[in-house]
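Please look over the chain as a whole before reading on. The questions below then consider selected places in it.

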Amino acid sequence: MGPAAGPTGYMENSVSYSAIEDVQLLSWENAPKYCLQLTIPGGTVLLQAANSYLRDQWFHSLQWKKKIYKYKKVLSNPSRWEVVLKEIRTLVDMALTSPLQDDSINQAPLEIVSKLLSENTNLTTQEHENIIVAIAPLLENNHPPPDLCEFFCKHCRERPRSMVVIEVFTPVVQRILKHNMDFGKCPRLRLFTQEYILALNELNAGMEVVKKFIQSMHGPTGHCPHPRVLPNLVAVCLAAIYSCYEEFINSRDNSPSLKEIRNGCQQPCDRKPTLPLRLLHPSPDLVSQEATLSEARLKSVVVASSEIHVEVEPASTAKPALTASVGNDSEPNLIDCLMVSPACSTMSIELGPQADRTLGCYVEILKLLSDYDDWRPSLASLLQPIPFPKEALAHEKFTKELKYVIQRFAEDPRQEVHSCLLSVRAGKDGWFQLYSPGGVACDDDGELFASMVHILMGSCYKTKKFLLSLAENKLGPCMLLALRGNQTMVEILCLMLEYNIIDNNDTQLQIISTLESTGVGKRMYEQLCDRQRELKELQRKGGPTRLTLPSKSTDADLARLLSSGSFGNLENLSLAFTNVTSACAEHLIKLPSLKQLNLWSTQFGDAGLRLLSEHLTMLQVLNLCETPVTDAGLLALSSMKSLCSLNMNSTKLSADTYEDLKAKLPNLKEVDVRYTEAW
């Protein structure tokens, strides 16, 4: 047996464990080499039971390997399929009853069947279904191997109404969606899930069956208990939608197909640019040839494939030349890529019947996902980068159907949802740009645009930066909607005047004329004029230099006080221990001389901080102790370069944000970060 191990270690050919359950961690393959021992206070006891357990495991593994070898040999040369089917059932029963606890025990029969099916392609449909039913018990707790997924995909395409799809494939797909962690590593699992959903859509009830399947994946409660379901469903939808335009994309830019990507093929890196990119950078020869074309050649050109027909219509009028230079390597933004070049004007995409059904099915699934309140924040985050091909965004049917999803985001009051309408980062376009008037996806007179602006303005985007962006890019649509009585746009125009966003005098007069042309606009403009008169009175020199509000004062109390006289000299304002919120920021920004502001133990939050940071740039002392502010609002303080004292005690300040503020506020000398992450 060998010498006994010491109280804490092991000697050669012996292993010491501190607990009996740890015996199972030792592989049975090493059973003949080791004498297992247990170290306990008072001596070393030989674990004969543990050695017996390991020997049994080793023996069972040898028997299992022999049986697997036997079945591989028997099934490699099938003669009668009745016998083959019987052997498969026996193999499955053996795997299910094996005492060995190893994933390979269940995977081995699946791999044998997968190889059998790949080598015998002349089987009848009934034989296919019999084999699938025979291996069904193993699929309850195991993902099918890649080759078997290909076989399942073929069955879904060829026999979508088969009962095997409903009875056998449904629990398999449910398990994939609940437990799969990365479709990038298992692309055939994603493809199988995609074909299964399309098979459900081919049933008599069609989308009703798909809808019930999505409901079963979400569960009956208001919160889905499986966090992987939504990302996996979105991944399947994106891949399916891409496949609808794949043949057109490949015919235009020679990019790898989904099949090539799945097989790991690497394409040459000297690939031609995509269609929109080539249109933005036409060669001189192409431009000169286009200029000399006769009118007879300006006919509609149809590029056809088995699934997609793309019609390119000639321009009716001459268009200005694009400013992008031929040698420019910078990547154009998404909207520019969808613009039409002088060589090609209107591009219309028409999908074939099968691609059209696929597109309709998976866009409908995105709509269903957007209807669940608990899924909407994650769905908005996943779709924020606009993960669709340019051809899809140029397809009128796709953008029209997807509009429902964007509308759901625009109606959600949660900032984490509707903020995803904006671009991921500066310089990139988001859904807000695509569905605003002039955007490639806008198919109305701006109703969705107004809805998006309304929810963004009602949140924390009532800022100079947001208004300046609207004034520079969407002033025309804003004025048109205001002229039609849209209250949100009337408010936008009033804020532009109030915050001095518009510098041009003629444009200001045009905005005023627009406001006075409707009843709601005239009323809001009169209120603006009243506020401006009150503001002049408020900012008139005079009044106290220091002011402290009584505890439990509210936003209304502060507004009433500031409207009572002149506060042009007010430099120090204390709202500590009052009940004011971020709403009072609209009154605070009107105090021109304010240098010290105390908000200790109030409900002043991130939205208020953003507004203060844009208007009170001369503020020197700010106390935010015990307020609900977070990193999202505190980061905005980086623009207040005059700050020399900042109290963030007991806030949700993070260490990273603190370091960022220190780097961007050169005059900051006194900082209190006690009881925060940065402390």
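**Reading the model**

Q: How far from a polar atom of the side chain of Asn 232 does the backbone oxygen of Asn 180 lie?
A: This is a predicted model, in which local features need pLDDT of at least 70 and side-chain atom pairs count only at pLDDT 80 or more, while totals for chains, interfaces and linings use all residues. Residues are numbered from 1 along each chain as its sequence is written, and side-chain values use heavy atoms, with hydrogens and water left out. The backbone oxygen of Asn 180 and a polar atom of the Asn 232 side chain are separated by 3.1 Å.

Q: Is Asn 232 buried or exposed?
A: Asn 232 has its place in helix α9, residues 229-253; helices (H or I, at least four residues) and strands (E, at least two) are DSSP runs numbered from the N terminus. Residues count as buried under 20% relative accessible area, exposed over 50% and partly exposed in between, with a 1.4 Å probe and protein chains only. Because its relative accessible area is 2%, Asn 232 is buried.

Q: Which residues does Asn 232 touch, not counting residues up to four places away in sequence?
A: Contact means heavy atoms within 4.5 Å. With residues up to four places away set aside, Asn 232 touches Ile 176, Leu 177, Asn 180 and Phe 183.

Q: What is the relative accessibility of Pro 144?
A: Pro 144 has its place in the loop between α4 (125-139) and α5 (146-158). Not counting residues up to four places away in sequence, Pro 144 touches Leu 139, Cys 149, Phe 152, Val 172 and Leu 189. Pro 144 counts as buried because its relative accessibility is 5%.

Q: Which residues are exposed on the other side of α30?
A: In helix α30 (residues 655-664), the residues Thr 657, Tyr 658 and Leu 661 are buried. They cover an arc of only 100° around the axis and therefore lie on the same side of α30; the arc is that of the directions from the helix axis to the C-beta atoms. The cover over these buried residues includes α29 (631-634), β11 (645-647) and β12 (670-672). The exposed residues on the other side of α30 are Asp 656 and Ala 663.

Q: Within what arc do the buried residues of α26 fall, seen down its axis?
A: In helix α26 (residues 555-562), Asp 555, Leu 558 and Leu 562 are the buried residues. They line one face of the helix because, seen down the axis of α26, they fall within an arc of 65°.

Q: At roughly what angle do the axes of helix α21 and helix α23 cross?
A: Leu 467, Leu 470 and Ala 471 in α21 meet Ile 492, Leu 495 and Met 496 in α23. The axes of α21 (residues 464-473) and α23 (residues 487-498) come within 10 Å and cross at roughly 105°.

Technical notes. A polar contact is a pair of N or O atoms within 3.5 Å; within protein, one must be able to donate a hydrogen and the other to accept it, and residues adjacent in sequence count only if both atoms are side-chain atoms. Axes are lines fitted to C-alpha atoms, for helices over the stretch in contact, and angles run from 0 to 180 degrees between N-to-C directions.
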